[in-house]
Amino acid sequence: QLQASGGGLVQAGGSLRLSCEPSGRAAVSLNMGWFRQAPGKEREFVAVITRSSATRLATTLYTTSVKGRFTISRDSAKNAVYLQMNSLKFEDTALYYCAADRRSVFVGFNLTDRTEYEYWGQGTLVTVSS
């Protein structure tokens with residue numbers, strides 16, 4: 001339902017752009033985000049973007065460690081989501097997962113809680129060399 005791509009090997013300070021394209025029921029998701037899991041660690045929230053509407057702009061949230069370096073964006077026509085990662089650090093090395101969910105925050109959906117998301121991509125590996 002979610003196809004993630006764009007990972008790779010990059011030197012510290014470099015950039016990568018991750019992409020995630022939904023299909024099927026995931027294509028109508030309101031919320032699309034990125035999580036990451038480093039070796040030996042739990043999967044953690046990175047960034048999320050909600051769907052904009054005629055009356056409301058999209059909301060974006062970032063984990064503190066990536067603010068100012070990563071930018072999440074969304075293509076409303078494709079409903080795809082992107083993560084532009086700049087100034088990459090060694091500690092950004094992880095398997096990055098795209099996630100999506102159809103529920104609204106107005107029914108209590110927690111945008112940063114990985115256990116809430118119903119759709120997950122297969123993960124794309126980002127390796128940053130120091």
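Let me start with the largest nonpolar core, which in this predicted model has 27 residues, and in which Trp 34, Leu 83, Met 85 and Tyr 96 are the residues with the most contacts inside the core. Two or more residues come from each of S1, S3, strand S4 (31–37), strand S5 (44–50), strand S7 (70–75), strand S8 (80–85), S9 and strand S11 (124–129), and of these elements S9 gives the most, with four residues.

If you look at Tyr 96 and set aside residues up to four places away in sequence, you will find that Tyr 96 touches, among others, Leu 18, Trp 34, Val 46, Phe 70, Leu 83, Met 85 and Val 126. Phe 35 is also one of the residues that Tyr 96 touches, and Phe 35 belongs to a second, separate core of seven residues, which also includes Phe 45, Val 48 and Leu 111.

Now to the cysteines, where the count comes to one disulfide: Cys 20 and Cys 98 are bonded, with their sulfur atoms 2.0 Å apart. Because Cys 20 lies in strand S3 (residues 16–22) and Cys 98 in strand S9 (residues 94–101), the pair ties together parts that are 78 residues apart in sequence. The torsion about the S-S bond of Cys 20 and Cys 98 is about -80°, so the disulfide is left-handed, and both Cys 20 and Cys 98 are buried.

Finally, a word on confidence: the chain averages a pLDDT of 94, and 100% of the residues score at least 70. Confidence is lowest in strand S1 (residues 2–5), at a mean of 95, and highest in strand S2 (residues 8–11), at 98.

Note on methods:
Residues numbered from 1 in each chain as written. Predicted model: local features only at pLDDT ≥ 70, side-chain atom pairs only at ≥ 80, totals over all residues. Heavy atoms only, no water. pLDDT = per-residue confidence, 0-100. Disulfide = S-S within 2.5 Å. Buried < 20%, exposed > 50% of the residue type's maximum accessible area, 1.4 Å probe, protein only. Core = buried A, V, L, I, M, F, W, Y, C linked by side-chain atoms within 4.5 Å. Contact = heavy atoms within 4.5 Å.
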